Amino acid sequence: QLVALMLLSMTAFDQLRSRRAVFWSLAVITLNAAVLSMLALAQLFQEELFLIRSEWWTGMGSPFGTFVNPNNAAGWLLMGMACAVGFLVLQSEEVTDYHRFGASPGRSGIPVIESVIRYLAGLTSAQVIAWILMAVIVSAMLATRSRTGMVAAGAAVVVTGLVRLRGPRIGEALLVSAVGVALVAGLMAVLNLQEAVRQELRTLQDPTGALAGRLQHWEDSIHVLQDFPVFGSGLGAYRYTTLPYQHHNTGFWFQHADNQYVEVLVEAGVVGFLAFLMLGAPILIGAVRVIRQSVAGGLGRHAETVAFVLLFATVAQGVAALTDYGVVLPSTSALFVTLISMLAAVQAEARSWAMLPGGRIVMAGTRIALIVGALVFTRDLIQAHDCYLVVIQTEKVSAQPLTWDTIEQREGILERARVVLDRRSDDARTHEAVSRLLR
């Protein structure tokens with residue numbers, strides 16, 4: 001995954017520099033998020049459960065689109081929401097008279113109603129489509145009923161608004177925000193989802209109660225640092241290393257911390273935790289700097305838009321990481337890396353690496369090395385896929401009553417597990433699956 005992210009980063013940095021490239025990149029990402037959102041919303045109204053990839057669903061929880069977990073979907077939709085807002089911003093032309101929005105008719109400003117009518121009448125077909133796509137994505141994110149996603153989206157809107165807004169454009173921003181809120185509210189009403197969202201938001205009145213089990217688990221898990229303070233217990237070891245330190249019976253075996261900061265601290269120690277924080281700080285600083293340079297006329301509108309999108313995404317993922325781990329999901333991290341590379345690309349003075357001395361050779365050699373490095377792990381990835389498939393099948397059959405049919409299914413899964421373990425004998429989860437099947 002890391003090798004693939006490096007290759008993706010280099011390609012994005014080299015290709016996504018111009019306004020046209022940024023525009024179409026945001027358009028494709030927005031369309032992708034909107035299509036997934038429509039599929040997910042369609043699931044909510046199916047009499048029978050509609051699954052896109054049923055082999056990965058254990059039968060527990062509620063799948064959402066291509067995700068087996070609505071919370072994971074919310075994390076990715078936050079990225080799609082950021083790109084949709086950026087796509088809409090890039091579509092819009094500069095507005096010159098909305099800064100006086102709301103002034104009385106007798107003054108030089110424009111009345112509220114007239115401002116709204118002018119704005120709506122001035123929308124192009126492309127802008128209308130952009131508005132609809134964004135409304136669909138935001139509605140889908142709300143439909144996940146993820147409290148983390150809702151809070152993260154709200155925090156991102158507030159922070160990016162404070163950074164990007166300037167005195168003359170406050171009226172314009174309020175007008176556009178009002179249109180967006182009205183559109184999303186209307187779509188939620190049509191889908192009859194507003195009451196479900198309100199119920200989830202009411203639970204935020206007592207956040208300590210909603211997080212009681214997690215808070216106790218995090219308090220216990222931090223004690224791992226007593227034995228592994230510097231470099232942690234090892235990447236991917238959270239589910240095992242935290243067990244001996246649990247003093248509160250939460251009734252759950254936490255495979256992950258449901259808190260990216262706690263998980264990084266336990267697995268990577270203080271050194272890894274500081275490195276994780278240092279990854280986000282330069283992104284935030286760089287995005288704010290680009291926005292300010294664009295205001296001063298040093299960079300184009302597309303550079304400001306990319307910075308705005310990345311700032312929104314970083315704040316949203318940073319807040320979501322407090323009670324989730326969406327930022328490490330491949331779909332989310334790939335999009336995040338792409339946006340970071342785009343921000344670096346639009347700031348670069350050189351047109352591409354090819355313009356540097358020996359740039360073509362260096363780039364070609366580096367890409368070939370990364371591709372070869374990825375191919376080296378192909379066999380291991382296939383084996384990991386087979387192992388995880390055995391784990392999922394075990395989860396499914398274990399949830400069913402013990403009958404002759406399920407006994408035959410267990411025997412078939414056991415046979416596949418033995419074959420898989422012959423090739424990957426150190427996979428702990430497959431060994432756990434075998435133990436469950438033999439009980």
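Visitor: Which residues touch the most other members of the largest nonpolar core?

Guide: Start with the general idea: in soluble globular proteins, nonpolar side chains tend to be buried together. In this predicted model, the largest nonpolar core has 74 residues, and Leu77, Leu142 and Leu339 touch the most other members.

Visitor: Which element gives the largest share of this core?

Guide: That's α3, with 14 residues. Other elements give two or more residues as well, among them α2, α5, α12 and α14.

Visitor: Let's pick Leu142. What is Leu142 in contact with, leaving aside its neighbours within four places in sequence?

Guide: Leu142 is in contact with Met150, Val184, Met188 and Val197. There's also a second, separate core of eleven residues, including Cys387, Ile413 and Leu421.

Visitor: How do I read the way two helices pack?

Guide: Two packed helices are described by the angle between their axes and the distance between the axes. Take α3 and α14: their axes are 9 Å apart, at an angle of about 30°. Angles under 35 degrees count as roughly parallel, so α3 and α14 are roughly parallel to each other. The crossing of α3 past α14 is left-handed.

Visitor: Which residues meet there, between α3 and α14?

Guide: From α3 come Gly75, Trp76, Met79, Gly80 and Cys83, and they meet Ser331, Thr332, Leu335, Phe336 and Leu339 of α14. Those α14 residues include Thr332, Leu335, Phe336 and Leu339, which are buried.

Visitor: And how far apart are the end C-alpha atoms of α14?

Guide: They're 26 Å apart. At 1.5 Å a residue, its 18 residues should span 26 Å, so the two agree.

Key
Residues numbered from 1 in each chain as written. Predicted model: local features only at pLDDT ≥ 70, side-chain atom pairs only at ≥ 80, totals over all residues. Heavy atoms only, no water. Core = buried A, V, L, I, M, F, W, Y, C linked by side-chain atoms within 4.5 Å. Buried < 20%, exposed > 50% of the residue type's maximum accessible area, 1.4 Å probe, protein only. Helix = DSSP H or I, 4+ residues; strand = E, 2+ residues; numbered from the N terminus. Contact = heavy atoms within 4.5 Å. Expected span 1.5 Å × (residues − 1). Axes fitted to C-alpha atoms, helices over the stretch in contact; angles between N-to-C directions. Parallel < 35°, antiparallel > 145°, perpendicular 65-115°, else oblique. Left-handed = near helix turned anticlockwise from the far one by under 90°.
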